[in-house]
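Reader: I would like a close look at one part of this model, with its surroundings. Please give cut-offs for the terms you use.

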Amino acid sequence: MHDSSLSRRRFIGVASGVAVWFAAAPNDLFADTGEGRADSAQKYNVLTAAQAAIFDAFAAQVIPNEPGSPGAREAKVTQFADNGLASFAKEQRPDFEKALSALNALAGATGFASLTPAKQVDVMRDMERTNRSAFEALRAPVIAGMFANPSYGGNAGKAGWKLIGFEDRFFWQAPFGYYDQPAEVKRRD
Amino acid sequence: MTDRVSVRYQPRDQVDFVIVGAGAAGGVVARELSRAGYRVVVLEQGPYLHERDFHHDEIEVSQGHSLTNDPRVSPTTFRTTALETAELRPVVSYGRMVGGGTVHFTANYWRFHEIDFVERSKKGAVAGADRDDWPITYAELEPYYTKVEWEIGVSGLAGASPFDPPRSKPYPLPPLPIKPTGVLAERGARKLGWTAFPAPMAILSQPYRGRAACVHCGFCETFGCEMRAKSSTLVAMIPEAEATGRCEIRPLSYVHKIEVNDAGRVTGVTYLDAKKREVFQRAKAVVLCANGAETPRLLLMSASKRFPDGLANSSGWVGTHLMFNGGSIAGARFDREVNGYKGVVDSRVVHDFYELDSKLGIDGGGGLDFRFDFPPITYAMFGLPMDAPTWGIEYKHMLRDGFTRSLYSLTHTTSLPVASNSISLDPTVKDAWGLPAIRMTFSEHPNDMKLYQFMLDRAMQWLSAAGATKLWPYPLDTYYPAVHLLGTCRMGNDPRRSVVDRYHRAHDVPNLFIVDGSSFVTSGRGQPTMTIQALAFRAAEHMARMARRGELG
């Protein structure tokens, strides 16, 4: 299944897509996501330190850091992924770990985390081309971790939401944006 | 709201009606029959949640299936034709909780138009499809559409669309405030000579019947409404049913067999409770409101010596003529803030192409809207143009610049009723309860693909006229999982070509009724819930009448 076939799902009211990464039985959802765990950044539930380092480096290239604009690493998506693999996405752990190993193997003897950023990008391009499903198994949790509710341990400081301009106020009044200001509503051209 | 302690029946109590499914139709039927004085048990597969259980949390709702059927415990299989072996694929999605799909839906409430009920006689037959007229007309259903609007709570503006069918009463509530998507929709439509009218929504623009007005949080589609402003049956119908003291809502009750006696009458239903224990609930009559996939599945699972091909299936039409609503999608970027994530999904709708000119050589028609229904994760996954990068600095910048300035035009179209498009029982795959999985067989009728393309061209034209600075089409396709599940137990006067009669009574079983999306003869142009509920109000009235006459035993 390619990406294009997934795009409509949300439009028509459903998502279950690539994002199978997150899929979880409803009852398991909050089974084991300790609130404080995200703060103890060095302690992981399921990831080894080496695995965490690889994923963290990968995440930093999926959504890179810039001055004044945190990337996925700064948003603590690794913590998010670890929390997820321990609870609501535990079924995905085998695929996730396999994908991490595949990424690391592509990097050669030094390992992915130790490569220069430019080399990391090369390896990721290679993996995206040759092993798309494994690449997606790693990319999806980066995206989810960047933009999920911060209670899951990622999107630290709402970095993802601030990036795209999403305000989590959940209570709005018109005008909602530029085009529904009175002058724009009245415009006739 | 406080929890109600409603009546509790024992399975051995012979209640008047058992309703299977507490969704769009089941909630209406439960309220109408209990208010008419009948003892009702509603058996619902899913849990009984309330507004305090609803969160603006994509992981929980969209990825965790907290409000919908979960493909890992309820697998479905798919094939394009009967020649193939179906493979595991999540192809059906429905609300699996008290309130059903009305809890997480977008809440577009379009009435069907007059043409939808008589397209066969007005436009003729279509090769490769069984397009029939409905056994009822728009005029017969009109009072019930009005009833839905006033009983459920629908916001809209009567007379705003020149294409609207006649109505006996205005909407009870004014439209929701216009959004940037709506202003742009009007601007584009004006340039093209089309009419963009306020979207009729089952969301309260003002307080109504003890429920609060919408606060424009923007989390309608796929989420439950914590304000009780979305007019789900969970908040608009079920509490009133329970308040009669005659209706019991029994959640986590998975009906898998309708029982019949030697006389060919239904005696009740067997279900698995939360602990997977089998329970038989006796009833004088059974009403299936389980949706266009689960209803035919249940009839097929209820095969018996007397009904070897499935209950109520002497026509062989149970499960056949599955329709969704097709459509197409185009995306667009604008220069300034659209902020589509604030407020309800739909602001303005175009119905200029509802009924296409026969000269075009395309049957059916459709409606279009402008919308933005991407919460953050989903936007980052699917919201960018098809050729955009999916990681790296450019991806990051496109997300940064696009979220508040993008919108999408969706088209909503007819699907033709094709006999081989169907829901059946998978011969090998079972669900977590050991019951046969839903197997879907579906291929698009060639006309429908032409229609999707025609509507996509209109969507692109509209976005361009509205001033989009970048435009991109999404590939023409049927997108799964399907959410509008229609036509699989159609109503009709001819028992050889339909499953239920014009009053939703099964042709073959005098005390079995079916009312939900499966009753549809044709698909309409989209947004079927309004029609499902109009049918449900009408059907319940007839059920009560038959019960009063003692026809149900």
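Where in chain B is N339(B) found?

Author: N339(B) sits in the loop between β10 and β11 of chain B. Elements here are DSSP runs, numbered from the N terminus: helices are H or I with at least four residues, strands are E with at least two.

Some ground rules come before the details. This is a predicted model, in which local features need pLDDT of at least 70 and side-chain atom pairs count only at pLDDT 80 or more, while totals for chains, interfaces and linings use all residues. Residues are numbered from 1 along each chain as its sequence is written, and chains are lettered from A and ligands numbered from 1 in the order in which they are written.

Confidence next. Chain B averages a pLDDT of 96 (the predictor's confidence in each residue, from 0 to 100). In chain B, 99% of the residues score at least 70. For the complex, the predictor gives an ipTM of 0.93 and a pTM of 0.94.

Now the backbone of N339(B). Its phi is near 50°, a positive value in a residue other than glycine. N339(B) counts as buried because 26 C-beta neighbours lie inside 10 Å. The scale is this: 20 or more other C-beta atoms within 10 Å of a residue's own means buried, 12 or fewer means exposed, and in between is partly exposed, with C-beta atoms placed from the backbone.

V345(B) belongs to the loop between β10 (329–333) and β11 (348–350) of chain B. With 27 C-beta neighbours inside 10 Å, V345(B) is therefore buried. Leaving out residues up to four places away in sequence, V345(B) touches T106(B), C220(B), E221(B), R371(B) and D373(B). Contact means that two C-beta atoms, placed from the backbone, lie within 7 Å.

H321(B) has 30 C-beta neighbours inside 10 Å and so counts as buried.

Cis bonds are the next backbone feature. In chain B, the peptide bond from Y480(B) to P481(B) is cis, with omega near 0°. P481(B) lies in the loop between β16 (470–473) and β17 (512–514). In chain A, the bond from A174(A) to P175(A) is cis, again with omega near 0°. P175(A) is in the loop between α7 and α8 of that chain.

Then the packing in chain B. The largest nonpolar core has 219 residues; V20(B), V29(B), A30(B), V286(B) and V287(B) touch the most other members. From α14(B) come 11 residues, the largest share of this core. Such a core is a set of buried Ala, Val, Leu, Ile, Met, Phe, Trp, Tyr and Cys residues joined through C-beta atoms within 7 Å. In soluble globular proteins, nonpolar side chains tend to be buried together.

Take A30(B). Beyond four places in sequence, its contacts are I19(B), A22(B), V40(B), V42(B), M237(B), I238(B), A241(B) and C247(B). V42(B) is in strand β2 (residues 40–43). It is buried, with 30 other C-beta atoms within 10 Å. V42(B) and C247(B) are 205 residues apart along the chain, yet their C-alpha atoms are separated by 7.5 Å.

Helix α14 (residues 529–548) of chain B also meets α6 (residues 138–153) of chain B. Their axes (lines fitted to C-alpha atoms over the stretch in contact) come within 8 Å and cross at roughly 105°. Angles run from 0 to 180 degrees between N-to-C directions. The two helices are therefore roughly perpendicular (65 to 115 degrees). From α6(B), residues including Y144(B) and V148(B) take part; from α14(B), F537(B) is one of the partners. This contact divides into 8 nonpolar, 1 polar and 2 charged residues. Ala, Val, Leu, Ile, Met, Phe, Trp, Tyr, Cys and Pro are nonpolar; Asp, Glu, Lys and Arg are charged; the others, Gly among them, are polar.

Last, the partner chain. Chain A has 8 helices and 0 strands. Of its 189 residues, 48% count as buried. Across the interface, 52 residues of chain A contact 67 residues of chain B. By class, chain A's side has 35 nonpolar, 11 polar and 6 charged residues.

Definitions and conventions: Parallel < 35°, antiparallel > 145°, perpendicular 65-115°, else oblique.
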